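I opened a new notebook page for this model.

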Amino acid sequence: MKVSILGCYSATPRTITNPTSQVLEINNQMYLIDCGEGTQVQLRKHKIKFSRINQIFISHLHGDHFFGLIGLISTFSLLNRPNDLHIYGPKGIKDIILLQIKLSKSYTKYNLFFHELESNESELIFEDDKIAVYTIPLKHRVYTNGFLFKEKPGLRRINIDAATEKNIDVCYFNKLKQGSDLKQEDGTVIENETVTFDPLPTQSYAFCSDTVYNEEIIPLIENVDVLYHESTFLEQDIEKCIPTGHSTAIQAATIAKKANVKNLILGHYSTRYSDIDLFKKEADTVFESTFLADDGLVFKF
Ligand SMILES: [Zn+2]
Ligand SMILES: [Zn+2]
């Protein structure tokens, strides 16, 4: 699992920082999460192939999380993208994008699908044979969702030595990988576990931005491998959290601890602070495995 941070600062783009966008690579698939202004430039800097992005997840309709979307959609078209593009985001996202496409007469040559979200309960919004994506309802100034990416268990793995010893023909390997026992011609049964290993462990990633401190998300993100949680403010500015719908580093770390996650990545820092190390310092007092996102960083887990 790889998380490329394209941008992780709140509010306006600056020469030195970018608004929220990141690419999650899991199981050889890439998912773009949020698309702040400048995302396509950041994708190029990271040398991420545009053609590998087929799903985009937008948390909410504040500009610092989706103003890059129309630019990216338009560039995909100029590059003669063949693949379909699926966009998951709050209700209204389709109107916003289609109005721009219509008035600029820049209809895409590829198929563009919108999956508009309006539920306040967590729901399964995307799934294939490798991964399932659920919403994480968040509390912010506008309708907002985080996203939980959960790998599905893979197939069992053949124990070649044991299989050879028992003279199992390769044509039965697929059946074994799916977990079946093997009945031999003489009637004896080879139990699956004696010739296979468990599937590789699965991984999970939860993206939670933007939100106030909200313990209701804990059951949804319990035990995830990596939690990205916004931390817009330091403790000295905690009184700004409720009116703006944001969290502090300590609040993010408290959620991480209570949800028993393995790793926490902080981000969405207010640009009022010049030293983001202070976010880690504060979070470390509550949760030990904390990392600081920064534009251009790549995390591998
Ligand atoms: Zn934001
Ligand atoms: Zn916001």
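**Sheet notes**

I started at a hairpin: 3 residues join β7 to β8. I took strands (E, at least two residues) and helices (H or I, at least four) as DSSP runs, numbered from the N terminus. The model is predicted, with local features needing pLDDT of at least 70 and side-chain atom pairs pLDDT 80 or more, while totals for chains, interfaces and linings use all residues. Residues count from 1 along each chain as written, chains are lettered from A and ligands numbered from 1 in written order, and side-chain values use heavy atoms, without hydrogens and water.

I checked the pairing next (two strands pair if DSSP finds at least two bridges between them). β7 and β8 run antiparallel over 3 bridges. Glutamate 127 faces alanine 132 in β8.

I moved on to β9. β8 (131-138) and β9 (144-151) are antiparallel over 8 bridges. Threonine 135 has phenylalanine 147 in β9 as its bridge partner, and proline 137 stands opposite asparagine 145.

Is β8 mostly covered or uncovered? I found it mostly covered, with 7 of its 8 residues buried (under 20% relative accessible area; exposed is over 50%, partly exposed in between; 1.4 Å probe, protein chains only).

Then I traced the whole sheet. It is open, with 7 strands in the order β7-β8-β9-β14-β15-β16-β17 and mixed pairing. β7 (124-127) and β17 (290-292) are the edges; each has a single partner strand, so one side of each lacks a neighbour in the sheet.
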